[in-house]
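Subject: Structure handover

Hello,

Here is the structure I said I would pass on. My notes on it follow below.

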Amino acid sequence: MHNPFTPVATVPVDPRTARVHEEGWQSWSPSGAYALGDTPHRPTNDNWATVCYRPGVTVPAGTFQGEGLLALDPGDGPPVRLWAAPDPQHSVPSIRLTVQGDQAEISADGPVKLLTGTSIQSVLADWAEGLDVRAPRPAPTVWCSWYEYFTDVTEDDIHENLRAMDTLDLPIDVVQIDDGYQSKLGDWLTLSGRFRSREGIADAIRARGRRAGIWTAPFLVDPSSELATTKPHLLVRDADGAPLHAGVNWGHDLYVLDVTHPEAAAYLIDVFTTLRAEGYDYFKVDFLYAGALDGVRHSGADPLTAYREGITLIREAIGKEAYLLGCGAPILPSIGLFDAMRVSADTAPYRRPKADDYSQPGQDAAEFTGVGRQWQHGRLWINDPDCLMARPAVETRERWAAHVEATGGLMASSDRLLSLDEWGVTTTRRLLGGVAR
């Protein structure tokens with residue numbers, strides 16, 4: 001249940017020049033600044049509303065809404081105002097702004113505090129610095145299998161690209177295997193038929209002087225997985241006692257692991273302890289929104305407490321030296337838990353996202369939110385703007401590469417390296433080589 005909205009402030013604005021920054025709920029939720037006459041980006045279907053926005057929250061037409069953060073540049077000179085959650089890791093109020101003539105009305109469904117500054121990005125940065133988060137470690141450079149192979153990646157694909165890194169003299173620290181090595185979501189230690197040995201791949205990567213990385217979606221469970229069918233008591237439940245539905249992706253329904261159940265916690269620890277022992281020390285954990293969904297959990301913990309407990313279990317299992325990248329994660333509740341964070345929707349080989357929904361893959365969507373969240377970089381974590389794709393088949397690859405470079409964040413290549421032309425090789429080498437390592 002959400003609390004009622006109560007008035008917070010009334011601020012005079014210049015309707016022609018004022019701008020509002022909405023902070024979205026999670027990595028893929030659109031975030032950025034709008035003119036007062038703009039229509040903010042909203043979900044275009046119910047499934048994306050669950051998977052990519054704040055579930056259960058519908059924003060009225062003609063209303064701006066930030067999740068835990070909303071900034072207003074009134075357009076008539078400073079100060080810029082920011083309304084912010086006082087305890088962002090544990091409580092994230094929704095904050096709304098509506099305009100009546102030349103007055104902005106701000107309301108919220110929970111406590112907020114007011115900060116002022118000279119610009120939207122600077123006041124957000126000031127708020128982040130006031131949290132006293134430990135300065136993040138520099139990110140390694142990465143090659144990731146996803147944007148070339150998607151879920152069809154094979155072990156041979158990994159080996160081919162590992163050899164190509166040497167041939168092309170690319171400064172890649174981490175070789176990260178993405179989705180497709182596992183049999184099903186939830187059965188992380190059971191290989192798909194396209195892979196022979198997870199430990200063998202890690203050994204081959206390390207033998208070439210690089211680090212081994214791996215992808216998981218640790219809170220998601222495929223209903224047909226061995227985990228779901230043999231241990232259904234480890235799933236989060238809805239109010240009727242059925243497994244909580246976390247949306248649809250990969251063509252099937254998604255369930256949620258209840259990390260507050262001791263047996264589920266032990267399973268999660270075993271997965272990550274095993275991967276770490278096999279030689280992996282870079283972990284991309286994805287679709288994390290599921291761990292913060294409202295549901296009935298074994299311990300009775302609220303969703304944000306359960307989410308943070310789950311990430312803490314993962315961190316303890318992989319050790320403090322391993323690198324942890326979050327994605328699809330509730331942004332404010334993740335503060336203090338990650339080395340790096342995806343701060344936008346997925347990129348894609350094309351510009352426009354499906355149905356013009358800015359939570360969906362597309363370069364336009366990734367750029368909009370990546371720019372809007374630039375203030376987080378180096379303060380909350382290293383920003384991950386998503387992967388560089390430099391192969392000739394990628395639409396507007398020059399523009400996308402310029403965006404990735406401008407963020408100064410995590411630099412990751414995601415091409416079949418032998419498909420790169422001269423521009424692609426040169427650009428990949430330059431962007432990855434320009435990172436302070």
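Of the 437 residues in the protein, 57% are buried. Please keep in mind that this is a predicted model. The protein has eleven helices and 23 strands. Its radius of gyration is 21 Å, close to the 22 Å that the globule rule gives for 437 residues, so the protein is as compact as a globular protein of that length. The C-alpha trace spans about 65 × 55 × 40 Å along the principal axes. As for contacts between residues at least 6 apart in sequence, 72% of them join residues at least 24 apart.

Eight strands make up an open sheet with parallel pairing, in the order 22-21-20-19-14-11-10-23. Its edges are strand 22 (382–384) and strand 23 (412–413); each has a single partner strand, so one side of each is left without a neighbour in the sheet. Strands of a sheet pair through backbone hydrogen bonds, either parallel or antiparallel. Within this sheet, strand 14 and strand 19 run parallel and are joined by five bridges. Gly213 has Tyr282 of strand 19 as its bridge partner.

Helix 4 lies across strand 10 (142–144) and strand 11, and runs at about 165° to strand 11. Helix 8 (residues 303–318) lies across strand 19 and strand 20 (323–326), with an angle of about 155° to strand 20.

Helix 5

Which residues of helix 5 (residues 198–207) are buried? They are Arg198, Ile201, Ala202 and Ile205. Viewed down the helix axis, the buried residues of helix 5 fall within an arc of 100°, so they line one face of the helix. The elements covering them include helix 4 (155–168), strand 11 (174–177), strand 13 (187–191), strand 14 (211–216), helix 7 (262–277) and strand 19 (280–285).

At its start, a side-chain oxygen of Ser197 comes to within 2.8 Å of the backbone nitrogen of Gly200. After the helix comes Gly209, with a positive phi near 80°.

Lys184 has Asp187 of strand 13 as its bridge partner. Together strand 12 and strand 13 form a hairpin with two residues between them. Gly186, in the turn, has a positive phi of about 105°.

In helix 2 (residues 120–129), the buried residues are Ile120, Val123, Leu124, Ala125, Trp127 and Ala128. They pack against strand 2 (19–22), strand 3 (32–35), strand 5, strand 6 and strand 9 (113–117).

The loop between helix 2 and strand 10 contains Thr141. Thr141 has a relative accessibility of 0% and counts as buried. Its side chain reaches the backbone oxygen of Pro171 at 2.7 Å.

Backbone geometry to look at

Where is the cis peptide bond with omega near 10°? It runs from Pro78 to Pro79. Pro79 sits in the loop between strand 5 (69–73) and strand 6 (80–84), and strand 5 and strand 6 are among the strands that the buried residues of helix 2 pack against.

Two residues have a positive phi without being glycine:

- Trp250 has a phi of about 55°. It lies in the loop between strand 16 (248–249) and strand 17 (252–253). With a relative accessible area of 28%, Trp250 is partly exposed.
- Asp356 also has a phi of about 55°. It lies in the loop between strand 21 (340–342) and helix 9 (363–372). Its relative accessibility is 42%, and Asp356 counts as partly exposed.

Regards

Definitions and conventions. Residues numbered from 1 in each chain as written. Predicted model: local features only at pLDDT ≥ 70, side-chain atom pairs only at ≥ 80, totals over all residues. Heavy atoms only, no water. Buried < 20%, exposed > 50% of the residue type's maximum accessible area, 1.4 Å probe, protein only. Helix = DSSP H or I, 4+ residues; strand = E, 2+ residues; numbered from the N terminus. Arc of directions from axis to C-beta. Contact = heavy atoms within 4.5 Å. Polar contact = N/O pair within 3.5 Å; in protein donor to acceptor, adjacent residues only side chain to side chain. Pairing = 2+ DSSP bridges. Axes fitted to C-alpha atoms, helices over the stretch in contact; angles between N-to-C directions. Rg over C-alpha atoms; globule rule 2.2 N^0.38 Å.
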